[in-house]
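Please give a short briefing on this structure for someone who has not seen it before.

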Amino acid sequence: MSVLLAVLKIIGLIILCLLAIILILVIIVLVSPLKYKLYAEKYEMFKADGKVSWLFHAVKLEIYAELSKDFKTVLKKDVSFKIFGREILNKPEKLKKPKKKKPVDQKKEKPYIKEPEPKKATPFFSSDKLLKLEDEEYKLAETPKYMRIKMPHAEMPPPEAKLPKASKENEKKAEEDAEEKQEKRKIDIAYFKNMPKDERKKLISDVIKFIKSVLKTVFPKSFKLLGSFGLSDPALTGEVLGGIYVLKGFTGLDINVSGDFRGENVLNGKIFIEGRITLSALGFYTLRLALTKPVFKIIKIYLKG
């Protein structure tokens, strides 16, 4: 009995250890942030360098590209994807060792091969062949030009048996199901139309709160933009420039842009973006929105339909 209890204790400890390891791995996956970094510039040519890492740099994606000034030709492109330091996309090819050629002995004599004797030429039309051709011509002259062939009377296949029509009961059931679906749709539309003002306000506020929290999570921690641009219409250039600085005032981003009012399409500058996304935070915000009273009601209605 004591041996059996000891074995059960060991099995229980092993199961607990496995569950603890699984729980730790799940927490690491949810807590570890997805980091991203981007640097791009455009002067004489366009250059871009992007990096994405996850699970404390265990998973890495790196992209580098060089394009011409008009963005039409790719000058250089490099993509690297690593998992635990092992390259997945661009695997290095194994160099094959060249096979050593055996030295040829020049002293060995080549074997003597007799040349085949030329065959005697025979005339194309012999007397026997001419006789055969004459007999064939005579037979062709005797045969009539047109011949009638009697065909047996073709019997028409029996008509296919028509499939039985659906019974009246099945038709009634189908009509009833269609009516029920239409009624459900009417109920859904009526629910949205006749939603109380308090619920509608709460729904709008919850959705706005969700969007704000998601943007806060996804928004880059550092953003720098430096450059100059110009459009064919100088007035439009001024309007766009004003909109950029209004955006700077609202967001507080590090933007330093100047306008080129010569009436030409010009774009020069550089940009740097760096940030992180936490998957557990996104999951928490989504679950919080789904559990609110108005959203939960909407989910119930759609699940029933």
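Predicted model: local features only at pLDDT ≥ 70, side-chain atom pairs only at ≥ 80, totals over all residues.

**Strand pairing**

- Strand β1, which spans residues 34-42, pairs with strand β2, spanning residues 46-54, in the antiparallel sense, and eight bridges link the two.
- These two strands, β1 and β2, form a hairpin in which three residues lie between them, and A40 stands opposite A48 of β2.
- Strand β2 is also joined to strand β3, residues 59-67, by nine bridges, and this pair too runs antiparallel, with K51 having E62 in β3 as its bridge partner.
- The hairpin made by β2 and β3 has four residues between its strands, and there L55 takes a positive phi near 55 degrees.

**Helix contact**

- Helix α4, covering residues 197-218, and helix α7, covering residues 293-304, have axes that come within 8 Å of each other and cross at roughly 95 degrees.
- On the α4 side the contact is made by E199, K202, L203 and D206, which meet K293, P294, V295, K297 and I298 in α7.
- Sorted by class, the residues in this contact of α4 with α7 comprise five that are charged and four that are nonpolar, while no polar residues take part.

Note on methods:
Residues numbered from 1 in each chain as written. Heavy atoms only, no water. Axes fitted to C-alpha atoms, helices over the stretch in contact; angles between N-to-C directions. Contact = heavy atoms within 4.5 Å. Nonpolar A, V, L, I, M, F, W, Y, C, P; charged D, E, K, R; others polar. Pairing = 2+ DSSP bridges.
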